[in-house]
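User: I'm new to this one. Could you take a close look at the ligand's surroundings and walk me through them?

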Amino acid sequence: MHDLIIIGAGPAGLTAAIYAGRFKLDTLIFEKMSVGGQILLSPSVENYPGFPEGVATFELIDKFKQQVMGLGLRIEEQEILEIIPGEKSYQVKTKTASFQTKAVIISSGAKSKRLGVEGEDKFIGRGVSYCGTCDGPLFKDKDIVVVGGGDRAIEDAIFLANYAKSIHLAHRRNEFRAAKILVDKLKSNPKVKFVLDSVIEEVIGENKVNAVKVRQVKTLKESVINCEGVFIFVGIIPDTCFIKNLLETDEFGFIITDQSMRASRNGIFACGDCVRKSLYQVINACGEGAVAADSAHKFLLNL
Ligand SMILES: Cc1cc2nc3c(=O)[nH]c(=O)nc-3n(C[C@H](O)[C@H](O)[C@H](O)COP(=O)(O)OP(=O)(O)OC[C@H]3O[C@@H](n4cnc5c(N)ncnc54)[C@H](O)[C@@H]3O)c2cc1C
């Protein structure tokens with residue numbers, strides 16, 4: 001019987017682990033892909049306090065990991081498939097094993113949302129991408145379209161401009177949710193053209209992408225932009241399908257918690273990008289991880 005199981009080793013789960021380790025809880029951490037989570041898709045982080053020049057993502061995550069390991073904690077490379085509630089504990093299941101724990105922290109994060117238009121699925125990996133850092137170098141001197149208006153879209157467009165010949169930034173509104181400092185930086189780049197109040201209707205191609213069909217939402221006029229790549233950044237969906245109907249979530253699957261990061265079942269806490277909230281960033285994922293571990297600790301003391 002463990003005290004605590006943490007599901008997901010992104011910034012939220014790693015921070016929860018650091019706090020749990022310092023509380024000396026018997027803790028197991030599970031990670032199904034890469035320790036570090038989504039932020040590994042970005043080469044650097046520029047808005048994390050303490051690094052005015054920005055910090056290389058691998059360096060930051062490596063420090064988080066070292067701190068977890070230094071506390072003697074273990075990260076299991078396995079995917080959690082189910083959490084089964086018992087009388088006074090939970091059974092947490094992977095494909096091959098089952099673990100008993102008194103408390104659980106869910107820090108399973110999120111992944112990119114699809115646009116849901118014709119051609120999108122067909123051309124994933126053949127021109128359609130959700131990660132500028134991963135695929136940007138493949139589009140050197142090519143014409144590309146970036147879709148979205150949040151921080152991630154603008155940040156990635158700035159990065160992609162290092163490689164692409166031209167970028168059309170398509171956004172369904174004429175204002176951006178992204179930080180103004182990022183938008184101004186992108187606007188000053190002569191390679192970038194803004195296609196505002198416009199939505200992508202279709203990704204067109206034969207074996208790979210060669211254009212997108214765009215509709216102006218005010219005039220309803222359709223046009224075609226020739227391109228070899230389409231980078232889509234239109235939000236995130238939580239990675240919470242393994243909780244099934246165990247906890248209260250919103251309609252998209254984001255877990256609903258109180259301010260102490262308690263989910264709707266006694267002994268289960270959630271933090272980071274899998275939680276319903278207004279800001280999805282490393283800094284508050286870490287803060288919520290700390291709160292979740294503190295709440296789990298208090299819960300265990302009261303058992
Ligand atoms: C391209 C990009 C750029 C970004 N840039 C910035 C930035 O500049 N600044 C900033 O603050 N934020 C940025 N973000 C957002 C930031 O990455 C997230 O807010 C942050 O990673 C959330 O941390 P998390 O720990 O909640 O979730 P995640 O980072 O998503 O980590 C969750 C982890 O849980 C694992 N997991 C999921 N399900 C299971 C399961 N069933 N079993 C085991 N493991 C599981 C996943 O594999 C993953 O490793 C960026 C994100 C992206 C994609």
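Analyst: **Around the ligand**

The shell around the ligand takes at least three residues from each of domain 1 (2-111 + 236-302) and domain 2 (114-232), with domain bounds coming from an automatic or database domain assignment. This is a predicted model, where local features need pLDDT of at least 70, side-chain atom pairs count only at pLDDT 80 or more, and totals for chains, interfaces and linings use all residues. Residues are numbered from 1 along each chain as its sequence is written, and side-chain values use heavy atoms, leaving out hydrogens and water.

So who's in the shell? There are 35 residues surrounding the ligand, counting a residue if one of its heavy atoms lies within 4 Å of it. The closest are Ala12, Glu31, Gln38, Asp273 and Val282. Sorted by class, 14 are nonpolar, 13 polar and 8 charged; here Ala, Val, Leu, Ile, Met, Phe, Trp, Tyr, Cys and Pro count as nonpolar, Asp, Glu, Lys and Arg as charged, and the others, Gly among them, as polar.

Helices α1 (11-22), α4 (151-160) and α6 (282-302) each give at least two shell residues, and α4 has the largest share, 3 residues. (Helices are DSSP runs of H or I, at least four residues, numbered from the N terminus.)

Now for the polar contacts, meaning pairs of N or O atoms within 3.5 Å. A backbone N or O atom of Val282 sits 2.9 Å from a ligand oxygen atom. For Gln281, a polar side-chain atom is 3.2 Å from an oxygen atom of the ligand. Ile39 brings a backbone N or O atom to 3.4 Å from a ligand oxygen atom. Taken alone the ligand exposes 1,000 Å², and the protein buries 97% of that, using Shrake-Rupley accessible areas with a 1.4 Å probe.

Terms used. Polar contact = N/O pair within 3.5 Å; in protein donor to acceptor, adjacent residues only side chain to side chain.
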